[in-house]
Amino acid sequence: MVSLEKYVLQEEFASFINGQQVAKSSGEPIEQVSPLTKKMWKTVLPAGVGETGFAVSSAQQAFKQWSKTPSPLRAKVLRDIANLLMEHKELLANTITLEMGKPIKESHAEIVYSASYFSWFAGEAERIYGTSIPSQFPNKSLKIIHEPVGVCGFITPWNFPIAMPARKVAAALAAGCTTIIKPSPETPISMFLLAKICQIAGVPDGSVNVVVGPEKEIGNIFLDSPVVRKISFTGSTQVGMYLYRRSADTMKKLTLELGGHAPLIVFDDASIEKAIEGTIIAKFRNTGQTCVCANRIFVQEGIYDQFLEAFVSAVERLKVGDPLDENTDLSIFIHESAQVKVKDHVEDALVKGAEAVLMSEQPYEPKILTGINPSMKIFTEETFGPVAPIMKFCSVDEGITLANASEFGLASYVFTNSMECANTAVSRLEYGIIGVNDGLVSTAQASFGGMKNSGLGREGGPTGIDEYLLEKYVSIAF
Ligand code: SIN
């Protein structure tokens, strides 16, 4: 089998189906232009109806074998994938940075994060327990067993081109499901490398297929196919709602990781060091381009001036620049359209009375705005960039009410030294993830997922495997 080092050197990629790169294409090659070099470095032959249909039938065929593979053997393959990801960390991280411009130290972190999902789900594969239920009838034995849900269709974004598919694929393979992944057409090479690693680790052909092409066309094939039993999507709320509506006809299981608009609340009694450290990571990780990035920063009046001064000085120390430099904290955006929203949100806020406490020319450079009010776009919409909008509030009640004033409910952050305040916030915040004095909450061992318009279901954590299992209740009469 061709090594990963050799595989990545090929100039033209195409859909990876049933363990092979298919030669057929539905349309003109997609040119992959690196935001780093601004040059085309690869082409990808797009998949259409034919290729996606072939991927579905390959996954269906592979399911017969993989679903019956004993779970300890599945676990071993998953552990091997984790090890291979770590062995090839440099190559994979460089590919991510070349594809989407993420600072290299964050690309390294993404590989470690991705590997952790395979390790976690290897353990989960070995613990798919059934349940034995005491019956009211002396002649009956009742039990619940679990089975893999079947073929899964995944649609994944460009901001974490390996980690987002990794946490879906790891869970699915652990449960005994087979997969078809439609990565973002902007970052397909990272996904092809992940699929290759799965193959090298011993995942049977047809169990991890990759199709790159038009989102709607491929998405509709997933939706219409009765063979695809589950869809997992990370992306916009608008697309998530479409998938939700359209999944009804084939009654698919769904996991939807949608938009976030995370509030971060600093209460008067917070440790200023912890609040600054947490806000920096929650706001500027991945240059502000994560679904869990702090988008609205609420600071209580008693600590406001101290916080603002310390925050501005910490942000000024962040290093913006060459993504390949190990010391870089923030770097270029993937493409022009990623910049448009940032510019628009900043301009809109300034016109509506915000004050620019820290301003910079490029959209990917950090900015701090104060005097934010609910009429501004930045208050209601996800910015997906390194802009920190800060609002002052008076009481604990007001801070929490402002934080909940959103259609989204993915992540939230609270900084306080008071147990009472933390407990009040945790019980009242309408968010699926809450960091208390913690600005970096994502981890394979805990559930990732939102409330309200941020989606459905959970990834990772103790319940992540359930999303890929069906329950069968069995009543045995003697
Ligand atoms: C995301 O941005 O969707 C994922 C971020 C994370 O896993 O921390």
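My entries cover the ligand, then the cavities, then the pockets.

**Ground rules.** I am working with a predicted model, where local features need pLDDT of at least 70, side-chain atom pairs count only at pLDDT 80 or more, and totals for chains, interfaces and linings use all residues. Residues are numbered from 1 along each chain as its sequence is written, and side-chain values use heavy atoms, with hydrogens and water left out.

**Ligand.** I looked up which residues are around the ligand. Near means that a heavy atom of the residue lies within 4 Å of the molecule. The list includes Tyr113, Asn159, Thr234, Arg285, Cys291 and Ser442. By class I noted six nonpolar, four polar and two charged residues in this shell. For the classes, Ala, Val, Leu, Ile, Met, Phe, Trp, Tyr, Cys and Pro count as nonpolar, Asp, Glu, Lys and Arg as charged, and the others, Gly among them, as polar.

Next I checked polar contacts (a pair of N or O atoms within 3.5 Å). The side chain of Tyr113 has an N or O atom 2.7 Å from an oxygen atom of the ligand. For Arg285, a polar side-chain atom lies 2.8 Å from a ligand oxygen. Cys291 uses its backbone: an N or O atom there lies 2.7 Å from an oxygen atom of the ligand. Is the ligand buried or exposed? Taken alone it exposes 260 Å², and the protein buries 100% of that. These areas come from the Shrake-Rupley method with a 1.4 Å probe.

**Cavities.** On a 1 Å grid over the protein atoms alone, a cavity is a set of points where a 1.4 Å probe fits but cannot get out; lining residues have an atom within 4 Å of a point. I found three cavities of 30 Å³ or more in the whole structure. A volume is the space filled by probe spheres set on the points. Where is the ligand? The space it takes is the largest cavity. I read about 110 Å³ for the largest cavity. Of its 13 lining residues, Phe160, Met164, Arg167, Cys291 and Phe448 lie nearest the centre.

**Pockets.** A pocket is an open set with protein on both sides within 12 Å along at least five of seven lines. The largest pocket has a volume of about 740 Å³. I counted 29 residues in its lining, with Pro157, Trp158, Gly235, Ser236 and Phe384 nearest its centre. The lining divides into 10 nonpolar, 13 polar and six charged residues.

The second largest pocket has a volume of about 360 Å³. Among its 16 lining residues, Glu106, Ala109, Ile281, Arg285 and Leu440 are the closest to its centre. I noted nine nonpolar, one polar and six charged residues in this lining.

Definitions and conventions
Polar contact = N/O pair within 3.5 Å; in protein donor to acceptor, adjacent residues only side chain to side chain. Sits in = over half its atoms within 2 Å of the grid points.
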